[in-house]
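User: I would like to know what the terms used for this model rest on. Please go through them one by one.

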Amino acid sequence: MRDARIVVFAYDWVPNFAQGHVRDLRVRWALEEAGLPYETQLVTHEEKIQGPHLARQPFGQIPVMEMDGETMFESGAIVWTIAEASETLLPKDLTARRRVMSWFFAALNSVEPPFMTLAWLELFARDKEAAARLKPETIERFEKRLERLDAALGEADYLVGDFSAADLMTAAVLRPAHDTGLFERFPRLARYIARCECRPGFQKALADQLEPFQENAERYGSAA
Ligand SMILES: N[C@@H](CCC(=O)N[C@@H](CS)C(=O)NCC(=O)O)C(=O)O
């Protein structure tokens, strides 16, 4: 992977609520942490559901990563592949590595789904009354996950030893939930996310994701 030509596919623009949260950010962040240079190919919202992009990503989504012409989709699979090429993201010790893997998948399979349900109810659900009815129990379900995550992190800076792919994925999954105000009850988790966001690799990845949005806002009839 070290010598491969890497291309990350990302959107040319997204609405304000999604800016800084599109999942190519976690891929860019992992590449920054791993010290792997990459190019970006921007995909429009018309192109995402057309043949060439569907051949790369069967659900018409972002992110996709291409390595020497070979494409991968699913942010978890992509970030794990990058992590395998990086000692910053994956410890050498096998026990620690398995622990990182457990937390990495927990972020994707146990923490992200209840938050995505909440986000769906707030942003996209067509039946607004049904959404309002379901919201309290969805929040409760997500809060339970936050409680357990907070307890597991305790006073540690990171989930498994030093910063790893587990923290990258957990922070990436939690960041968009900031706006819900839920982290007021979990100040340690709020500090944990801020600690991860302070990393230069994250800052660079964020700036790079945001850059084209301003330029392309007009084309989508939006004021960036
Ligand atoms: N499980 C996928 C989810 C990808 C995903 O939901 N991508 C969003 C952007 S963050 C997207 O492209 N949504 C457009 C759509 O689903 O039509 C992953 O982690 O890669």
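Analyst: Two strands pair if DSSP finds at least two bridges between them. Strands (E, at least two residues) and helices (H or I, at least four) are DSSP runs, numbered from the N terminus. The model is predicted: local features need pLDDT of at least 70, and side-chain atom pairs count only at pLDDT 80 or more, while totals for chains, interfaces and linings use all residues. Residues are numbered from 1 along each chain as its sequence is written.

User: How many bridges join strand β1 to strand β3?

Analyst: Four bridges join β1 (residues 6-11) to β3 (residues 64-67), and at least two are needed for a pair. The two strands run antiparallel. Val 7 stands opposite Glu 66 in β3.

User: Why is one side of β2 and of β4 left without a neighbour in the sheet?

Analyst: The open sheet has the order β2-β1-β3-β4. β2 (39-43) and β4 (70-73) are at its edges, each with a single partner strand, so one side of each has no neighbour in the sheet.

User: Why is α3 called roughly antiparallel to α6?

Analyst: Helix α3 (residues 75-83) and helix α6 (residues 165-174) pack at about 150 degrees. Angles run from 0 to 180 degrees between N-to-C directions, with axes fitted to C-alpha atoms, for helices over the stretch in contact. Under 35 degrees counts as roughly parallel, over 145 as roughly antiparallel, 65 to 115 as roughly perpendicular and the rest as oblique. That makes α3 roughly antiparallel to α6.

User: Which residues make the contact?

Analyst: Val 79, Trp 80 and Ala 83 of α3 meet Ala 165, Leu 168 and Met 169 of α6; contact requires C-beta atoms, placed from the backbone, within 7 Å.

Technical notes
Contact = placed C-beta atoms within 7 Å.
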